[in-house]
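Student: Could you take a close look at one part of this model with me? I'd like to go through some of the charged side chains.

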Amino acid sequence: MTDKERGCEEFRRLLEIIDELRTRCPWDMKQTNESLRKLTIEETYELAEAILSGNDEGIKNELGDLMLHIVFYARIGSEKNLFSMSDVLKGINEKLIYRHPHVFGDVKVSGASEVEQNWEHLKIKENSGSHSVLSGVPASLPAIIKANRIQEKVRGVGFDWEKREQIWDKVIEEMTELKQEVVNRNTQSIESELGDVLFSIINASRLYGIDPEAALEKTNRKFIKRFNYLEKETISKGRSLHDMSLDEMNVIWEEAKKEDEI
């Protein structure tokens, strides 16, 4: 039996297990799309955590948890006579084939950028031209991820910088405007300009192939590690952070930075 055949067999087994749980387990029987939603979000973040940690075993396990949720939603849809698992799979199969004419058709592309542009054009065409380029960006996405997706979407229809180096002039422009509003002490404008600075920085990260969410999370972890070192060293010296000057704390902070470099 090939790996693909084993995968199909295990997927069929999962469908049967969900059917059984849905009819015999009190907890599973009472679940709804709404009750599962927050759990699905949690599982997605756990997958993201495993990816950032480079935990391949964790990635495998979290993918299984997400697969469970997908099958569960399909089962609920089937119970409502709305759609089945086969409808879900058929839908994504047909979408992938339609949006990859350079693979399943005779369309020629020069690279990944052109693939993205074709993808957006085809999405609009699917909706008879009424589909907004940005309508596919969920309103509930975290702000950093949403900004990145907005920028990727508009890039797909050609609304982007001609050269990625041009973004730095925009970053400097937004920083200058932010500094001016800080001088003016206009709180409302400071918030607006700070948003523009963040949006431009996220744009820069996209242009240079950096995931801004992942980059910020790595910095978060680095800061936590160094601050934990600061706390540990302070306690070992019989001191308290509350009683230390900023200069004293910075000395230990520099030690923490050196520890990272080892």
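Student: Is Glu20 buried, exposed or partly exposed, and what is its relative accessibility?

Tutor: Bear in mind that this is a predicted model. Glu20 comes out at 40% relative accessibility, so it counts as partly exposed. Its salt-bridge partner is Arg24, with the closest N and O atoms 2.7 Å apart. Both residues sit in helix H1, and being four residues apart puts them about one turn of the helix from each other. Arg24 counts as exposed, because its relative accessibility is 63%.

Helix H1 (residues 3–24) has another pair of this kind: Asp3 and Arg6, three residues apart, again about one turn of the helix. Their closest N and O atoms are 3.5 Å apart in a salt bridge. Asp3 has a relative accessible area of 59%, so it is exposed, while Arg6, at 42%, is partly exposed.

Glu49 and Arg221 meet through their side chains in a salt bridge, 2.6 Å from N to O.

The overall count comes to 19 salt bridges.

Leaving aside neighbours within four places in sequence, Glu62 is in contact with Glu43, Glu46, Leu47 and Ala50.

How values were computed. Residues numbered from 1 in each chain as written. Predicted model: local features only at pLDDT ≥ 70, side-chain atom pairs only at ≥ 80, totals over all residues. Heavy atoms only, no water. Contact = heavy atoms within 4.5 Å. Salt bridge = Lys/Arg side-chain N within 4 Å of Asp/Glu carboxyl O. Helix = DSSP H or I, 4+ residues; strand = E, 2+ residues; numbered from the N terminus. Buried < 20%, exposed > 50% of the residue type's maximum accessible area, 1.4 Å probe, protein only.
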